[in-house]
Amino acid sequence: MSLRLSTVILPRDRWHEGGREKWRRAEELGFHTAYTYDHLSWRTFRDGPWFGALPTLTAAATATERLRLGTLVTSPNFRHPVTLAKELMSLDDVSGGRITLGIGAGGNGFDATALGQEAWTPKERADRFGEFVPLLDRLLTEDALTERGTFYSAEEVRNIPGCVQRPRLPFAVAATGPRGLRLAARHGQAWVTTGDPKIFETGTPEQSVEALRGQIEKLGKACADTGRNVSELDKILLTGFTPDRGRPLQSLDAFVDFAGTHRDLGFTEIVIHWPIADSDFAADQAVFEKIATEALAQLG
């Protein structure tokens, strides 16, 4: 099974002070996709520079030619399907059809209360996500739409001419629970996971592999229940959140071993973080670039 290698570039750099060069370098290194986080701020980076995901991707689209671009991930925490659809359609146009939307239910981070609301419970997030994704799907595939839901509505909305990619840009749905996996099966062109958060602190890499195997099996069942073949979905692993942490980026051999193990599980794309000094994503830039240019050839 072939494997693609992608990266995620956090939106921390001023565009004319290193930001543009990172996206161009990602293309030069041969990454399949360069993603960015879609947050208002994030964890330990909250009090430092942090730019908007969609403007950053728009700029990246004009600075690159072949590289796919996307979010990992957008959520309902501060987005509405109507406005998001218009921005995504425009971004897909600017990029010439190179955008993937990574989308998830969101969490309890800073985004959850930034608009003044109380943080939603897991059930409330799942309820909203279950309405958000189908409506966004319709908004990106229909020229005109009126839809009234419990949480989100669209009133005589127009999205003309639609996406460059047809019938719309691809969705990569982040999910591990049954409701989210069903959404991935119904609406996704790809599925995204970061592993099992319950074993991040105290688990082992071997336990992580088994947890991921279980997630893929559940995805397969969700696809079967909706009459879809699970092989139709790309399976994306965003690294850095399993018990392996940063070890796969310590050397080319370490990454090849890690990537081979996860390819054999069924993953079709592995995403590694662009190195950030003095953070959880610290890594040697030279090793990172060696992995980018040589790892896939070693995997065969």
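**Salt bridges, barrel and helix packing in a predicted model**

At a relative accessibility of 25%, R20 counts as partly exposed, where buried means under 20% relative accessible area, exposed over 50% and partly exposed in between (1.4 Å probe, protein chains only). The structure is a predicted model, in which local features need a pLDDT of at least 70 and side-chain atom pairs count only at pLDDT 80 or more, whereas totals for chains, interfaces and linings use all residues. Residues are numbered from 1 along each chain as its sequence is written, and side-chain values use heavy atoms, with hydrogens and water left out.

The side chain of R20 meets that of E21 in a salt bridge with an N to O distance of 3.8 Å, a salt bridge being a side-chain nitrogen of Lys or Arg within 4 Å of a carboxyl oxygen of Asp or Glu. E21 is likewise partly exposed, with a relative accessible area of 40%. Side chains of opposite charge can pair when their charged atoms come close, and a search of the whole structure finds 22 salt bridges. One of them joins E28 to R25, with the closest N and O atoms 3.1 Å apart. Both of these residues lie in helix α1 (residues 15-28), three residues apart, or about one turn of the helix; helices (H or I, at least four residues) and strands (E, at least two) are DSSP runs, numbered from the N terminus. An α-helix has 3.6 residues a turn, so residues three or four places apart point the same way. Within this pair, E28 is exposed at 56% relative accessibility, whereas R25 is partly exposed at 30%.

A further salt bridge links R138 and E147, whose closest N and O atoms are 2.6 Å apart. R138 is partly exposed at 31% relative accessibility, and E147 is also partly exposed, at 29%. Beyond these pairs, R4, D234 and E269 are linked in a network of salt bridges.

The strands include a closed barrel of eight, running β1-β2-β3-β4-β7-β8-β9-β10 with parallel pairing, where two strands pair if DSSP finds at least two bridges between them. From one strand to the next, the twist averages 25°, angles running from 0 to 180 degrees between N-to-C directions, with axes as lines fitted to C-alpha atoms, for helices over the stretch in contact. Helix α8 (residues 285-299) packs on the sheet, touching β1 (4-8) and β10, and its direction makes about 160° with that of β1; contact here means heavy atoms within 4.5 Å. Strand β9 (residues 234-238) runs parallel to strand β10 (residues 269-273) and is joined to it by three bridges, with E269 of β10 as the bridge partner of I236. Three bridges also join strand β7 (residues 171-174) to β8 in the parallel sense, and A172 has A190 of β8 as its bridge partner. In a regular strand the side chains alternate between the two faces of the sheet. In strand β8 (residues 190-193), A190 and V192 point one way and W191 and T193 the other way, and all are buried.

Antiparallel pairing is found between strand β5 (residues 144-148) and strand β6 (residues 153-158), over four bridges. A hairpin of four residues joins β5 to β6, and R148 has S153 of β6 as its bridge partner.

Among the helices, α2 (residues 53-63) is mostly covered, eight of its eleven residues being buried. These buried residues are A53, L54, T56, L57, A59, A60, A61 and A63, and they pack against α1, β2 (33-36), β3 (68-74) and α3 (81-95). H262, found in helix α7 (residues 252-265), counts as buried at 2% relative accessibility. When residues up to four places away in sequence are not counted, H262 touches V209, L212, L237, F267 and I270.

The axes of helix α4 (residues 122-141) and helix α5 (residues 178-187) come within 10 Å and cross at roughly 5°. The two helices are therefore roughly parallel to each other, since angles under 35 degrees count as roughly parallel, over 145 as roughly antiparallel, 65 to 115 as roughly perpendicular and the rest as oblique. Their contact is made by K123, A126, D127, F129, G130, V133, P134 and D137 of α4 together with R179, L183 and H187 of α5. By class, this contact has five nonpolar, two polar and four charged residues, with Ala, Val, Leu, Ile, Met, Phe, Trp, Tyr, Cys and Pro counted as nonpolar, Asp, Glu, Lys and Arg as charged, and the others, Gly among them, as polar.
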